[in-house]
Amino acid sequence: MDPITAVGFAASILTFIDFSYKVVTGTAEVFQSGSTSKNTHLSEIIGDLKNASEKLKDWPTPKSDHEKALQQLSVSCQEVAQRLVNLLARLSTTPGKSKWMSVRVVLRGMKKDGEVEELENTLDKYRSQIILRLIQIVSDQQLQLQIELCDFRTQSRKDAASTLDELESLRNGLLGAVESGLQDIKQQGKMLLSMPEGYNKSAPGPLTTSANLDNQLAHIDELRESLDQILAMKDTPTPEMRILQQLWVDDMYAREDKIQKAEGETFQWILWNSDKSGVDTKSEPLETEDAEGNQNDEKPSSSNSQSPWYVDTEVRKLRQNKRSILQDWLKHGSNVFHISGKAGSGKSTLMKLIVDDQRTYDFLQDWAGGKELITAQFFFWRAGSDVQRSRQGLYRCLLFEILKECPHLIRKVFPGTYKIFERKSRANTIDQSFFRPEHIATAFQTLVSLSPTFDHRMCLFVDGLDEYGDDTVDSYEYENLAKSLAIWTKNDHIKILCSSRPHREFLDTFTEDLRIHLHEVNAPDIQLFSRQMFEKDDQFLSIKDQYVDLVKNIVSYSAGVFLWARLVVRSLIASIHRRDPVDSLKAQLEVAPKDLNKLYEHFFASISKLDQERAFRMLLLVAHKYPNQVNALFLSWLDHLHEPKFPTACEIKPYTDQEIQKKHEDVQRQIAGLTHGLLEMRVITHRNGLFFSRSIQFFHRSARDFVLQNSQLQKFQTEHPETISPDTYLRLDLAELWF
C-alpha cells in the first residue's frame with residue numbers, strides 16, 4: 001500500500017486503541033458526542049466501541065512485511081474489542097442510578113484481579129508497535145515519494161500537490177490526535193498514582209504505561225520530522241527545475257523571434273510532397289497563374305510559346321532534386337545537412353520555415369521509428385548579445401530545449417550538480433557556481449555522447465554558422481565549429497540541419513551530397529515575391545501591362561539573392577508612387593549595381609545632400625544601439641537632441657494614443673524616404689502599451705555591416721561624435737520616461 005493509505009489505516013487503529021484505553025481506565029467519554037461522564041449511558045459507549053472496531057476490518061491488501069504487521073495488529077485489536085464489548089455487556093446489568101459510575105467502580109475493583117491491567121498493557125504494547133511500524137513504512141516509501149514529487153510536468157505537479165495536501169492533512173490529524181491522547185493518558189497515570197486507599201500503587205500497569213509514553217512521544221517526533229521533510233518539498237524547486245532555470249537566458253530566442261516569416265508561398269516548395277521519382281505532387285502556383293488568376297501551361301507548347309511566368313526547366317529539376325534529397329535526409333538520413341547561400345539569399349527565413357512547419361516533424365518521425373523524437377534549434381546572431389553569437393549560447397539553448405522536453409536526462413547530463421541539488425536546498429547553495437562555461441561545455445558533450453542504446457533520436461537545427469563569434473573571428477574558428485558539428489553527428493541518434501554563407505570552412509567540412517546552394521534555386525521564389533509585391537500595390541494598374549518584363553529582369557539580375565530583389569522592388573515601387581514612367585523604371589533597374597554592397601552604395605549616393613545628415617544620424621543611432629531594440633519614438637526626437645536641456649526642459653506629460661500614432665506614422669515615412677529600406681519599423685508583440693509597440697531595426701544583417709564599414713558614414717561619425725555618444729542614448733532613454 002502507498003504511504004498515504006498506510007497512514008490512514010494506522011490512524012484508524014490508533015483511534016481504536018486510544019478509545020479502548022480510556023474505556024479500560026474508566027476515563028472515557030462518549031465518542032464524538034461531547035457528553036461528559038456524568039450523563040453518559042453505557043449503551044452509547046458500547047455502540048461507539050463497536051463502530052471503532054468495525055473500521056479495522058477495512059484494511060487494504062498488504063505488500064511489505066511492515067504492512068502485514070499492521071494487518072495482524074488490526075486483527076488483534078478486533079479481538080480486544082470483542083473482550084471489551086463482552087465486559088461492558090456484563091456491567092450493563094449493574095444496578096444503580098448511574099450505570100457509568102457503576103462501571104468505574106467495578107473497573108477499579110477489577111484492577112485487583114489483574115484483568116484491566118492486562119488490557120492496559122496489551123493496548124500500550126499495540127500502540128508502541130503501530131507507531132514503530134508506521135515510521136518504518138514512511139521511511140521505506142520516502143524515496144519513491146521524492147521521485148514522484150520531482151516530476152515537474154504539469155499533470156504530475158498537480159497530482160503531487162494533491163497528494164502532499166492529503167498527506168499534510170493526515171499528518172496534522174494523526175500526530176495531533178495521538179500526541180494529545182498520549183499526553184492525557186500520561187497525566188491520568190499520575191492521577192492514578194495519587195489515588196487513596198483501595199488502589200495498589202505497586203501494580204506495574206500504570207507505571208509501565210507512563211514509562212513507555214516518553215518513548216512513544218519520541219517516536220512521534222521522529223515521524224513528524226520525516227513527514228515534514230516530505231511536505232517541505234511541495235514549495236521547493238526540484239533539482240530538474242533549478243538546473244533548467246540556470247540554463248535559461250532572457251534573449252535565448254531573440255534572433256529566432258526577429259526573423260520574419262517567408263513572404264506568401266515562398267520557400268514552401270521545400271516541404272511539398274514528392275512521389276518516388278521526385279516529381280511534385282503539387283504544382284507551383286507561381287508558374288501556373290498570371291496576375292488575374294488565369295491558368296497557364298507550365299510547360300512550353302509545341303509552338304515554343306511559354307507562360308510569362310515560366311521557369312527554366314533546369315531550375316525546376318534542380319529544385320525537385322534538392323527537395324527530394326532534403327526530405328529523404330529528414331526521413332532516413334544521418335550526419336549534417338548543409339544549406340549554403342549567399343548573403344541575403346534567405347537562409348534564416350528558410351530555416352525558420354523548416355523549424356516551424358509540422359511537416360518537418362512528420363518526416364523526422366519516420367527516422368525516429370519507435371524512439372522518442374527530440375528537436376532543438378539555435379540561431380546564431382553576430383549583432384546580438386554574447387549568448388547569441390557564442391558556443392556557450394549554442395550549448396545553453398540546445399541543452400535547455402532538450403532537457404525541458406526530456407527532464408529524465410538531466411540526471412545523466414548534470415550528474416554531480418543533480419546530486420548536490422538533491423541534498424541541498426537553494427538557500428544552502430549558490431546555484432550559479434555550478435554552471436560556469438566549462439560545466440556547460442562538459443554537460444553538452446555528455447549529452448551528444450550518450451550511448452547508442454539511447455532510447456531517443458535528436459535532430460538539431462543550427463542557423464547562421466557564419467554569424468558565430470564577433471567581427472574578429474577567423475577561418476580557424478569557423479573550421480573548428482564545423483568540425484564540432486560533424487563530430488556530434490558521429491553518434492547515430494543525432495543529426496544536424498545547419499545553414500551558413502558559402503565559406504570554404506563549411507563547404508570543405510560538410511559533404512556536397514547533403515547540401516543545397518539556396519541562391520541556385522531561388523529564382524522561382526524571387527519571381528513570386530516580386531510579382532506579389534507589384535500586384536498588391538495600390539498603383540499596380542499603372543504598370544500592369546509592363547511589369548512582367550520588370551519582374552523577369554529582377555529575377556535575372558538578383559542572382560538568387562532575395563535581399564537584392566527586395567531592395568530593388570521597394571525602390572521601383574517608390575518610383576511608381578512618384579509617377580515615374582515605365583521607361584524610367586526600366587532604366588533604374590538597368591543601372592542598379594548587381595552586387596549587394598554596391599547596391600547599398602548606390603542607394604547612399606541617391607540621398608540628397610539636404611537629407612544625408614538626418615539619414616546618417618538614423619542609421620548610426622540604430623547601428624550602435626544593437627543588440628538593444630530602438631524605440632521608434634527615438635527617431636521622432638532626433639531634431640530635439642541639439643537642445644542641451646532636452647528632455648528635462650520639457651513638461652512631464654505622457655503622450656496621448658493619438659500623439660503616439662501620429663509620431664509612428666511620421667517616423668515610418670522618414671525611414672522609408674531617407675534610408676531606402678535599410679531600416680524598417682516592426683511591431684513588438686510582447687510589450688504592453690502603444691508607446692513601446694514599435695521598434696526600428698535593420699532589415700538584414702548585411703545592411704548593418706555596411707553601415708559600420710562604410711567610409712562615408714565613418715567620416716560623418718568622426719565629425720559628429722555626439723551622434724552615438726553615451727549622453728545621447730541616456731537622453732533618449734530619459735525621454736521614454738518623460739513622455
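Let's start with Gln388, which sits in helix α13 (residues 386-389). Helices here are DSSP runs of H or I with at least four residues, strands are runs of E with at least two, and both are numbered from the N terminus. Gln388 is buried, with a relative accessible area of 3%. Buried means under 20% relative accessible area, exposed means over 50%, and partly exposed is in between (1.4 Å probe, protein chains only). Leaving aside residues up to four places away in sequence, Gln388 touches Asp251, Ala254, Arg255, Phe378, Phe379, Phe380 and Trp381. A contact like this means heavy atoms within 4.5 Å.

Before going on, a word on what you're looking at. This is a predicted model, where local features need pLDDT of at least 70 and side-chain atom pairs count only at pLDDT 80 or more, while totals for chains, interfaces and linings use all residues. Residues are numbered from 1 along each chain as its sequence is written, and side-chain values use heavy atoms, with hydrogens and water left out.

**The whole protein**

The protein has 30 helices and 8 strands. Of its 739 residues, 50% are buried. Now take the contacts with a separation of 6 or more: 78% of them are between residues 24 or more positions apart.

**Strands side by side**

Phe379, one of the residues touched by Gln388, also has a bridge partner in strand β3, namely Asp463. Strand β2 (residues 372-379) and β3 run parallel and are joined by 8 bridges; two strands pair if DSSP finds at least two bridges between them. On to the next pairing: β3 and strand β4 (residues 494-500) are also parallel, with 5 bridges joining them. Here Met458 stands opposite Ile494 in β4. To get from β3 to β4, the chain crosses through helix α18 (residues 475-488), and this β-α-β crossover is right-handed. Right-handed means that, with the strands pointing away from the viewer, the path from the first strand over the helix to the second runs clockwise.

How much of β3 is buried? In this strand (residues 456-463), 7 of the 8 residues are buried, so β3 is largely enclosed by the rest of the structure.

**A buried helix and a buried asparagine**

Among the buried ones are Lys347, Ser348 and Leu350.

Asn522 lies in the loop between β5 (515-517) and α20 (523-535). Its relative accessible area is 0%, so Asn522 counts as buried. The side chain of Asn522 reaches the backbone oxygen of Ser345 at 2.7 Å and the backbone oxygen of Gly560 at 2.9 Å. Polar contacts are pairs of N or O atoms within 3.5 Å; within protein, one must be able to donate a hydrogen and the other to accept it, and residues adjacent in sequence count only if both atoms are side-chain atoms. Not counting residues up to four places away in sequence, Asn522 touches Phe267, Ser345, Gly560 and Phe562.

Of the 36 residues lining the largest cavity, the closest to its centre are Ile259, Ser348, Thr349, Phe699 and His700. A cavity is a set of points, on a 1 Å grid over the protein atoms alone, where a 1.4 Å probe fits but cannot get out; lining residues have an atom within 4 Å of a point.

**Some spots to look up**

| Residue | Class | Relative accessible area |
|---|---|---|
| Asn335 | partly exposed | 35% |
| Val591 | exposed | 56% |
| Arg579 | exposed | 60% |

Asn335, in strand β1 (residues 335-340), has a positive phi of about 70° although it is not a glycine. Arg579, in the loop between α22 and α23, has a positive phi near 70° and is also not a glycine. Val591 belongs to helix α23 (residues 582-591). Finally, the peptide bond from Phe646 to Pro647 is cis, with omega near 0°.

Note on methods: 1 Å grid on protein atoms, 1.4 Å probe; cavity = no way out; pocket = protein on both sides within 12 Å on 5 of 7 lines; lining within 4 Å.
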